[in-house]
Structure formats: structure tokens, C-alpha cells
Amino acid sequence: MTSPLTALYSELIFDHDKHPQNAGLRDPFDAEVHHVNPTCGDEITLRIRLSEDGRRVEDLPYEAQGCAMSRASASIMTDLFIGRTREEIEEISAHMDEAMHSRGRIAGDEDVLGDGVALTGASKFPGRVKCVLMAWKAYQAALADALTARKDTENDR
Amino acid sequence: MRDWDIESIRADFPILTRTTADGQPIVYLDSGATSQRPRQVIDAEVDFLTGHNAAVKRGAHQLAEDATDPYESARETIARFVGCRDERELIFTKNATEALNIVAYSLSNGDASTPDHLRVKEGDEILVTEMEHHANLVPWQELARRTGATLRWIPLADDFTLDLTDLDTLLTERTKVVAFTHQSNVTGTINPVARLVEAAKDVGALTVLDACQSVPHMPVDVQDLGVDFAAFSGHKMLGPTGIGALWGRFELLAEMPPVMLGGSMIEVVTMEQTTFAEPPARFEAGTPMISQAIGLAAAVDYLSDLGMDRIAEHERQLTQRAVRGLEAIDGVRVIGPSSDVPGRAGAVAFAVDGRHPHDIGQVLDSQGVLVRVGHHCAWPLHRRYGLPGTSRASFSVHTTEAEVDALLDSVRTAIDFFARFQ
């Protein structure tokens with residue numbers, strides 16, 4: 001087997017694929033988004049629940065269908081994000097984005113990405129970058145929706 | 001007609017000498033998505049561009065005439081290849097998608113002067129099938145939405161053929177159009193065109209055939225098939241991208257309103273109004289794709305020289321080998337009729353239990369085996385069978401038995417590779 005393939009698929013990826021962390025569409029939530037990858041049909045429904053003050057992500061319930069990379073990515077991302085502040089998450093996301101668009105040059109800092117470094121092997125495979133980033137883009141969209149919804153509620157008061 | 005010598009055929013395709021990053025030969029099994037081009041097609045385009053290029057049907061200088069002749073003779077060559085005896089019935093389009101859209105849009109572009117059978121209105125019905133490529137589904141969905149017509153569809157059966165049980169109730173006197181594919185780009189199922197045409201005619205509906213997957217792989221005669229319109233694509237039949245064709249019965253085309261408007265499709269233009277040219281010009285607004293048409297005619301000559309009957313037989317043998325081989329691998333399901341079904345065509349889709357097609361395709365790619373993964377623009381078909389997608393191998397004139405065996409080996413390798421992570 002050629003080495004790039006083992007750089008893409010690791011034990012860790014299949015652990016998350018088979019035993020997805022935080023999966024399931026729990027209530028309550030501030031916003032829900034549904035993202036698809038129209039070229040391959042991968043899908044994720046992601047919910048977000050923020051803390052009372054809106055600064056912290058308290059839960060990210062989701063349901064994901066797709067390849068091992070896309071499912072593992074959702075599992076790893078929610079593990080990383082739940083309980084963190086939006087600022088902390090922004091930093092992690094920016095680092096992930098940089099690594100994923102580096103065509104294999106940046107492996108990613110394990111201190112920042114945790115299990116997420118197992119995903120960055122996909123950056124060598126341009127066709128697979130979107131598989132990994134689908135969940136991360138869904139988070140951005142869900143967060144934006146949640147913040148808008150909160151602002152609307154405040155304005156109504 | 002030339003001898004069938006696979007090595008000399010392969011030598012015509014420069015790209016087949018390409019290797020993967022680590023030096024393995026590539027095994028190109030994705031001709032169903034786009035076919036590779038033989039040197040003869042590439043040379044025809046280069047020869048035209050380096051010696052004769054000019055805008056066609058404009059001006060009277062020598063190059064303009066030099067360009068117009070091969071362009072129009074390309075139309076004749078391509079028309080004859082699909083059994084069309086009047087080349088005014090062959091409209092050049094940028095691809096099959098555009099060809100199908102031209103029919104769908106024209107059917108809602110008419111006015112009171114348009115004959116009723118060429119105008120879809122509120123209360124009318126459009127019948128498609130559940131196995132269609134999006135290109136032969138979405139334009140009809142949108143035609144229904146624009147006009148207030150109702151879209152209905154023939155469902156798929158468990159054996160990957162169309163379930164025609166309720167055909168008589170699906171077709172009513174309100175049905176204006178029946179649009180269906182000649183052969184599925186996923187399952188390889190060849191549809192019973194004659195039966196569908198007969199049923200459509202009984203209710204006075206137009207028939208539109210998506211012939212994208214059949215024209216490159218078997219003899220197709222649009223007159224014999226009895227349909228009213230047929231669409232096919234250049235780049236799936238060893239020709240260039242950027243060209244396809246719509247064939248339609250002249251008496252229908254002659255009464256249909258145009259879709260794209262502008263140069264080349266007019267008769268007389270004043271500031272107030274315009275009258276339109278006869279077909280095919282009416283449906284070919286703007287400067288056309290000239291070198292592509294010439295390239296496609298060269299592809300047709302290439303295919304004709306090999307003989308469509310022999311091509312169909314070559315691919316039948318490869319398909320049988322692939323389907324039988326895949327069915328024999330534990331955990332692999334072929335998503336299509338078994339190899340013993342007569343007339344099963346050469347799109348071989350398969351699913352590996354517990355593995356997403358994208359992951360399977362990645363391992364195949366690492367072995368130099370190039371297949372397509374995903375829903376192949378036939379999402380409803382995959383949904384029908386509860387699949388997120390499939391891996392699909394498809395063949396061409398240059399495909400060898402050894403390449404089919406390489407596919408089978410690589411599928412076994414993929415299964416072994418993922419088994420390590422159990």
C-alpha cells in the first residue's frame with residue numbers, strides 16, 4: 001500500500017467513523033443547519049447551543065452521513081468545540097483551515113487541533129478537503145444563525 | 001472497416017501512456033463520465049485550427065468558406081451516424097444538458113400561434129423516470145413549475161429496471177411529454193424504448209430520449225427508435241467537450257419557438273421585431289463551436305471505422321467479466337442487472353458493504369484504477385436503493401480484460417485495506 005493512503009486513513013479516523021462522538025440531534029438548540037456536499041451527496045445536520053451569555057458553545061448535536069473522512073471530521077470537531085468559547089474555537093478553526101489548504105505542507109499543531117491532526121492528511125488530496133471541512137463550515141453557518149436569532153430576540157424585548 | 005486490434009486501438013489514445021505519481025500505468029475506467037480522445041480527433045481539431053479557422057456562415061472571404069464547409073459536413077456525418085436522414089434535424093449544442101434544456105424551454109416559450117402539442121400548460125402532465133440523470137430530470141421539474149403542469153415519474157423496480165406496472169395510469173390524455181433515458185448511466189439498464197414510445201404515442205405525448213450513454217456504446221438509429229427528440233454528448237463518444245447534439249423531427253422543430261436569441265438564428269431583423277430562421281439555425285444562436293463539431297465528426301468516423309456492433313460486443317464482454325468478478329467478491333453488491341441480462345450495458349456501479357464509495361474510490365485511485373464515485377448525477381436513483389452513492393466503472397473501445405482484472409484486484413485490496421481498521 002502506498003504511504004499517502006495511510007497518511008489519509010488512520011486508526012483514529014476509523015475510531016471516530018465507527019463510534020462518532022456527540023452524535024444525535026438533541027434539544028434544546030439555538031440554531032440548526034443542514035449542509036450537503038452536492039458532488040458526492042455527503043450530508044450533515046448540525047445544531048448549536050450557546051451558553052446564556054452567548055460566549056461559549058455548550059452543545060453541538062449532529063447527524064452526519066458520508067465517507068469516513070467527513071464523519072470522523074464531525075466527530076472530532078464537536079469533541080474539540082463543545083465547552084470552548086467562540087474565541088478559542090475561532091483560533092482552532094483558523095489553524096485547521098490553514099492546514100487543510102496547505103496541500104500537505106502544514107501537518108497542524110496537535111496542541112491546538114488535538115485529534116484534528118489526523119484529519120490534516122487529507123490536505124494532500126484536493127478532492128477530499130471538502131469532505132473534512134463540511135462540518136466546520138456547517139459550524140460557522142450555525143453560529144451565525146444562532147447569533148442572529150439571539151439579536152432578533154433581544155430587539156423584540 | 002479496420003481490424004479489431006486492441007493494441008493498435010490503445011496506441012491511438014496518447015493519454016493511456018500516462019502513469020500515476022509512483023509510476024503505475026493508469027487504468028481509465030471512467031469513460032461514462034468523459035471519454036478519452038484518440039489522436040485522430042485531436043489532429044482533426046488541430047488541422048482545422050491551424051489551417052482553416054474562421055467564423056462560419058459569415059462573410060465571403062476564403063477562410064470563411066474554408067470553415068463553413070467542414071462544419072456543415074460535420075453535421076451531415078454526425079446526423080447519419082445516429083440514423084438521421086435529414087441533417088436539418090440535427091442541432092449542435094454545447095452538450096446534452098443544453099439539448100434537453102432547449103426542448104424543455106421551447107415547450108414553454110410558445111404563444112397562441114404555437115400548436116397545442118408543442119406547448120406545455122397548466123393541467124398538463126410530464127412523465128419522467130426515477131432513474132434519470134439530473135440533466136433529464138431538473139429541466140422537466142422546472143418546466144412543470146413554470147407552467148403549472150404536473151411532473152410524474154415511472155418508479156424503479158428492485159431489479160434495477162423501470163417498474164412499468166402502472167404505466168397505463170401514469171400516462172393520461174393530459175401527458176404532453178415523456179422523457180426517459182435510453183440506458184442508465186449508473187445501473188447500465190437499457191430501457192424498453194419501443195414499449196415506452198408506443199405507450200406515449202397512444203396518448204399523443206412527445207417522447208424525449210437521453211441517448212448520452214447509448215450513442216457512444218451501441219448502434220443507435222433515432223428513426224428506428226421512433227422517438228421525437230434525442231440528446232447526446234460529444235465528450236462521451238471520444239469527441240471534444242463543448243459540443244453535443246439535439247436531434248428532433250423536422251416537422252416538430254419547424255413549429256417550435258427558439259430558446260436562445262441573437263445572431264445566426266434570425267431571418268429578418270428590424271428595430272421592432274424579428275423573424276426566425278428555419279431549424280437547425282433557429283436553435284443555434286451566436287457563433288457556434290466549430291472546431292469541436294469537426295472534432296466530433298472525426299470521433300464519429302473513428303467509431304464507425306471500428307463498427308458500433310463490434311464496440312458493443314467488446315464492451316458486453318468486458319461488462320460480463322466485471323459484473324461476474326464483482327459479484328464473486330464478498331461484501332460487494334453490483335447495483336444493476338446481473339451480467340446475464342441480455343442487452344445490459346457497460347456502466348457497472350457497485351457498493352461495498354459498510355464502506356462509503358468515496359473511501360473505496362480513494363484506494364482504487366491509489367492503485368491507478370480511475371473510477372467515478374458519488375451519485376453520478378442520479379441522486380433519486382441512489383435514494384431509491386438507500387445508497388449514499390456508488391463506485392462506477394465504465395468502459396470504452398480501448399479498455400482491456402486486464403484492466404477489468406485490475407479493477408477487481410483493486411476492489412479486493414480496498415476491502416483488505418479497510419479490514420485492518422476493524
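**A helix crossing and a chain contact**

In chain B, helix 12 and helix 14 cross in a right-handed manner (a crossing is right-handed if the near helix is turned clockwise from the far one by less than a right angle, and left-handed if anticlockwise). This is a predicted model, in which local features need pLDDT of at least 70 and side-chain atom pairs count only at pLDDT 80 or more, while totals for chains, interfaces and linings use all residues. Residues are numbered from 1 along each chain as its sequence is written, and chains are lettered from A and ligands numbered from 1 in the order in which they are written.

The axes of helix 12 (residues 357-366) and helix 14 (residues 401-419) of chain B come within 9 Å and cross at roughly 115°; axes are lines fitted to C-alpha atoms, for helices over the stretch in contact, with angles from 0 to 180 degrees between N-to-C directions. Helices (H or I, at least four residues) and strands (E, at least two) are DSSP runs, numbered from the N terminus. Helix 12 of chain B contributes Asp359(B), Ile360(B), Val363(B) and Leu364(B), and helix 14 of chain B contributes Ser410(B), Thr413(B), Ala414(B), Phe417(B) and Phe418(B), where contact requires C-beta atoms, placed from the backbone, to lie within 7 Å.

Between the chains, the contact takes 15 residues from chain A and 15 residues from chain B. On the side of chain A that touches chain B, helix 1 (3-8) and helix 2 (11-18) of chain A are the elements that give two or more residues, and helix 1 of chain A supplies the largest share, three residues.

Residues 27-407 of chain B have end C-alpha atoms 8 Å apart, and the span is 36% helix and 17% strand.

Note on methods: Two residues are in contact if their C-beta atoms, placed from the backbone, lie within 7 Å.
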